[in-house]
Amino acid sequence: MGILQRFTDIMSANINSLLAGVEEKNAGKLLEKYLKDARENLEELKAETSAVIADEMACGRRVTAANEEIAKMDRFAEKAVLAGNDEDALKFLGAKAKLVAEKADLEKAYLMAKENSDKMREMTKKLMSDVESATGKMAELQAKLKLVENKEKMDDLNRKIAGRTEMDGFENMMEAVQKRIDAVEAKSALNAELSDKMDMRSLEEKYSDDAQGEASADAAADLAALKARLGK
């Protein structure tokens, strides 16, 4: 891919536009893919940017060297003129003219290399910013999804607890209380019933004619036996 096309693609990329209208769960997958691709592109772009910057530096050195050679030819031409040697001065000036023409080509190459390196620098900075932004959005989205997940779990738990409290839990509690009340009342009733029966039995025995007759008959028989033994 050419530098201009790559520059256009990277500089026009917009994470917010990329995520517009995308559901949160799908946004997470989209961000993961974007981050993976962007980090790979960033590493490649750094290497390419370094190479382009190195080319710019080399072109700059060539222009500097050409300027130094041109200045040197100027000095030699002046010395030749001062020495009265116009022929040598012309040779130096001819060499200078050739260097000036070469320098124009070197400057064009340098300007092109500098333009490329500036774009590569800008692309690298933009992509680094996008990766940083996407990383932040990813962390924010994951935190948001975690909160939603926890809220859904809590809502589900609350629904279960609420249902059990309002219906089963309340009914079970009332049933248990009623059982305890019934047990207490049954025990009290039993005690009262047993007590009444015992009192009635004692009372019946006290006033029973059979019991009194039997007791009197036994006493009379014993008295008769005692008198016979004593000869009375």
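## Starting at Ser 117

Helices here are DSSP runs of H or I with at least four residues, strands are runs of E with at least two, and both are numbered from the N terminus. Ser 117 is buried, at 0% relative accessibility. Buried means under 20% relative accessible area, exposed means over 50%, and partly exposed is in between, using a 1.4 Å probe and protein chains only.

Before going on, note that this is a predicted model, where local features need pLDDT of at least 70, side-chain atom pairs count only at pLDDT 80 or more, and totals for chains, interfaces and linings use all residues. Residues are numbered from 1 along each chain as its sequence is written, and side-chain values use heavy atoms, with hydrogens and water left out.

Who are the neighbours of Ser 117? Leaving aside residues up to four places away in sequence, Ser 117 touches Val 52, Ile 53 and Glu 56; contact means heavy atoms within 4.5 Å. With Glu 56 there is also a polar contact, side chain to side chain, at 2.5 Å. A polar contact is a pair of N or O atoms within 3.5 Å; within protein, one must be able to donate a hydrogen and the other to accept it, and residues adjacent in sequence count only if both atoms are side-chain atoms. The Ser 117 side chain also reaches the backbone oxygen of Lys 114, at 2.8 Å.

## The overall plan

Stepping back, the protein chain has 5 helices and 0 strands, so reading along the sequence simply gives α-α-α-α-α. Out of its 232 residues, 17% count as buried. The accessible surface of the chain comes to about 17400 Å², and carbon and sulfur atoms own 58% of that. These areas come from the Shrake-Rupley method with a 1.4 Å probe; for residues, only the protein chains shown count as cover.

Contacts reach across the sequence too. Take those between residues at least 6 apart: 78% of them join residues at least 24 apart. Met 138 lies in helix α4 and is buried, at 9% relative accessibility.

## The nonpolar core

A nonpolar core is a set of buried Ala, Val, Leu, Ile, Met, Phe, Trp, Tyr and Cys residues joined through side-chain atoms within 4.5 Å. The largest one here has 13 residues, and the members touching the most others are Leu 35, Ala 38, Leu 45, Met 120, Leu 127, Val 131 and Ala 134. Two elements give two or more residues to this core: α3 (24-82) and α4 (86-206). Of these, α3 gives the most, with 7 residues.

## An aromatic pair

Searching the whole structure turns up 1 aromatic pair. Phe 76 and Phe 92 form it, with 5.1 Å centre to centre and 45° between the planes, which makes it tilted. Rings of Phe, Tyr and Trp (its six-membered ring) pair if their centres lie within 6.5 Å; planes under 30 degrees apart count as stacked, over 60 as edge-to-face and the rest as tilted.

Phe 76 belongs to helix α3 and Phe 92 to helix α4, so the pair ties together parts 16 residues apart in sequence. Phe 76 is partly exposed, with 31% relative accessible area, and Phe 92 is partly exposed as well, with 27%.

## Salt bridges

The structure has 7 salt bridges, each a side-chain nitrogen of Lys or Arg within 4 Å of a carboxyl oxygen of Asp or Glu. In one of them, Lys 96 meets Asp 74, with the closest N and O atoms 2.8 Å apart. This pair links distant parts of the chain, since Lys 96 is in helix α4 and Asp 74 in helix α3, 22 residues apart. Both are partly exposed: Lys 96 at 22% and Asp 74 at 26%.

Another bridge pairs Glu 115 with Lys 119, the closest N and O atoms being 3.6 Å apart. They are 4 residues apart in helix α4, so about one helical turn separates them.
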